[in-house]
Amino acid sequence: MSIIIDEHNRILIQGITGPTGRSYAQRMVAGGTPLVGGVAPGRQGESVAGVPVFDNVEAAVAATQADAVLSVVRSSLAMDAALEALTAGVRTIVVYTENVPLHDAIRMRAYARARGACLLGPNSAGVVSPGKASLADLNDANLRPGRIGIVSKSGTLTYEVIDDLQARGHGESSVVCLGGDPVIGTTYADVLPLFDADAETDLVVLIGEPGGRLEYDAIAAMRTMRKPVVAYIAAQNAPPEKRMGHAGAIYDRGDTTAAAKLAAFRAEGCEAVGRVTEVAAAVDRALQHAIA
Amino acid sequence: MIKLLEHEGKKILAACGIAVPPGGLYRSLPDALDGELVVKAQVFAGGRGKAGGIRFANGREEALRLADEIIAAPLGDAQVEDVYIERKLRIEREYYLAAMVDRDLGMPVLLASANGGMEIEGMPRDSLQRQCVDPLLGLQSFMVQRLVRGVGLSGDPANGFARLIEQAYAGLISHDAELIEINPLALTADGSFIAADAKIVLDEDSAFRHPGRRARPSGTTFELLARELEVIGVEVGGPGGIAAIMNGAGLTMATLDEIIALGGRVSGVVELHGATMHGPERIADVLECVLHQLAPAVIVVNIHFQFRSLETIAEGIVRALQRLPQLTPDRLVLRLRGEKEPEALAILAGTGLTIIREFGAACVEAVNRSRPMSDALGRRTCPSSSTNTTVS
């Protein structure tokens, strides 16, 4: 099965004629992802990586029955692009673009949720179901199909965890990057039940960070799950009030520190670690415990 | 995130139609301003009242004298950026009003209380009224009325408070603000509301919609120089520790955690962000900045690229070695993983650098080399892991 994205989706890239869009298109076609077209206003009739370019999402959906979008347009256009895709009936949208205005993120999030669509991002490294489809900033060469689900805010931490899991013989069912911004379309608590219901997932690795309360919402969602969750909370030593690359990773009020979140996961009895080098071993422990 | 000083925030409040006391900065005080005045330190930190940053004066002369005193010394840990002088209000009661973004709910939230004048953290929880605003609906009358009744207002003040809520919400949206907080919001003897303070945070990413909006760089010299190189630098400890250079916020946080967990001391970290796009010379610039500003014993470069080429990093390191004689190979630990790894190793051939493929092992090596100093100065053999490559 896998979650959110698979080989049956029909995928568009918004902003396909720019350098990022072209690079994604080539990778997706080479990796067997079902890319059916792209959108770039004024460029209808062109093609990129062998797929047709359309002026707008409505035309692209009419011609290709696309149902998923990767948006790499520039930040000032990101909200409009997302609202356009959602209006055209797209069910899954990854907004890869970073530096999207906060209130634009708020509006696209609200509209996606009102339409019952899945918005990942802004500032999301995407989603991939290895061997099936990739809308992600992750190299197919580093992934392999398997039974671990990953949900993360950070792209680069996800790379590390994937490599360490691979070294212990684990692959992934799906990898979901929520996005590094403070306001994002989809949260841990939205994704965990999808993994719980997925027949191809045995365990979920949740990668969290200080700031915000989304990890606490995840704990509440975890209580109704049958599958084990391994939590890794990064930035145990982040200096307070410092931005570490994205606004999502700043400290705020009281118990939203990495240490408090780590303790909260441990209090639920789940394997929870504060170092990326400890994740793979924690996964093996949790899997053994689940079997026993 | 752009934090504004009170006097800057009050300009925005006034633009939203919200009443603010007449006032001005002490160096350019309006002629008409006299009588009972308040002299206020302009600082980015909270709690300035308790720290002595708010003083009362009778007449201009006394106000200017107090302003000279205030500007002369820091307020606690906070630097005094300026001094703002305004007319003292006759306050009947202090309220609290804020429009802000709740990141977890992903929507704007309004907060109101009849117990203003204290920090929000100290307010009795049940006195704080909270109203979320679905951005697809916008602010509706029922939401406003709920807040007005919640703070116990009726009659004219209730109408005034309702208008303020609308103005604050409209300001949050039109100014692309993260926070508009008025505390205290003064109810004066004549029954009208006036903003006695203003705490406003603007969104930097919306600058394209707001001509002239620019982040106000702050931080240490190293952090400011890093910003000029379009990387994110964070100074952590003093010189003589480990400086770490990574790609991505997540990897940066994880490397900091790993080094500290291993007992290492971190001088500072750098997140390269998009710097790789500017080519190897920029990478060398970053190394130079780290070496000179942080004076670390050891620099660890921990890069994991999915698509970008590691060749840029490798070439940047080679250039840094040529440019910086102090950057001896024993002071540098490299962890390079991902795209064009063999090509990057080939570029580094002959440099004598140790390249470690595993994240954890690279951090261990950096920590070992960083202590004690005598070890760090001498050449060390690399750990006998099959994944290590010494390119000599």
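Biologist: What does A:Val205 touch, leaving out residues up to four places away in sequence?
Modeller: This is a predicted model, and in it A:Val205 touches A:Ile148, A:Ile150, A:Val161, A:Val230, A:Tyr232, A:Val279 and A:Val283.

Biologist: And which residues have the most contacts inside the largest nonpolar core?
Modeller: Those are A:Ile93, A:Val127 and A:Val205, in a core of 160 residues. The largest share of this core comes from helix 7 (residues 280–294) of chain B, with 7 residues.

Biologist: How many residues are in the second, separate core?
Modeller: That one has 40 residues, including B:Leu97, B:Leu147, B:Ile182 and B:Ala196.

Biologist: Switching to chain A, which residues of helix 6 are buried?
Modeller: Helix 6 of chain A covers residues 188–197, and its buried residues are A:Tyr188, A:Asp190, A:Val191, A:Leu192, A:Leu194 and A:Phe195.

Biologist: What covers them?
Modeller: The cover includes strand 10 (145–152), strand 11 (172–177), strand 12 (203–208) and helix 7 (214–222), which belong to chain A.

Biologist: OK, chain B now. How many helices and strands does chain B have?
Modeller: Chain B has 11 helices and 18 strands. Of its 392 residues, 44% are buried.

Biologist: What's the radius of gyration of chain B, next to a compact globule?
Modeller: Chain B comes out at 27 Å, while a compact globule of 392 residues would be near 21 Å. The C-alpha trace of chain B spans about 80 × 50 × 40 Å along its principal axes.

Biologist: And what about contacts in chain B between residues at least 6 apart in sequence?
Modeller: Of those, 69% join residues at least 24 apart.

Terms used:
Residues are numbered from 1 along each chain as its sequence is written. Chains are lettered from A and ligands numbered from 1 in the order in which they are written. This is a predicted model: local features need pLDDT of at least 70, side-chain atom pairs count only at pLDDT 80 or more; totals for chains, interfaces and linings use all residues. A residue is buried if 20 or more other C-beta atoms lie within 10 Å of its own, exposed if 12 or fewer, and partly exposed in between; C-beta atoms are placed from the backbone. Helices (H or I, at least four residues) and strands (E, at least two) are DSSP runs, numbered from the N terminus. Two residues are in contact if their C-beta atoms, placed from the backbone, lie within 7 Å. The radius of gyration is taken over C-alpha atoms; the globule rule is 2.2 Å times the number of residues to the power 0.38. A nonpolar core is a set of buried Ala, Val, Leu, Ile, Met, Phe, Trp, Tyr and Cys residues joined through C-beta atoms within 7 Å.
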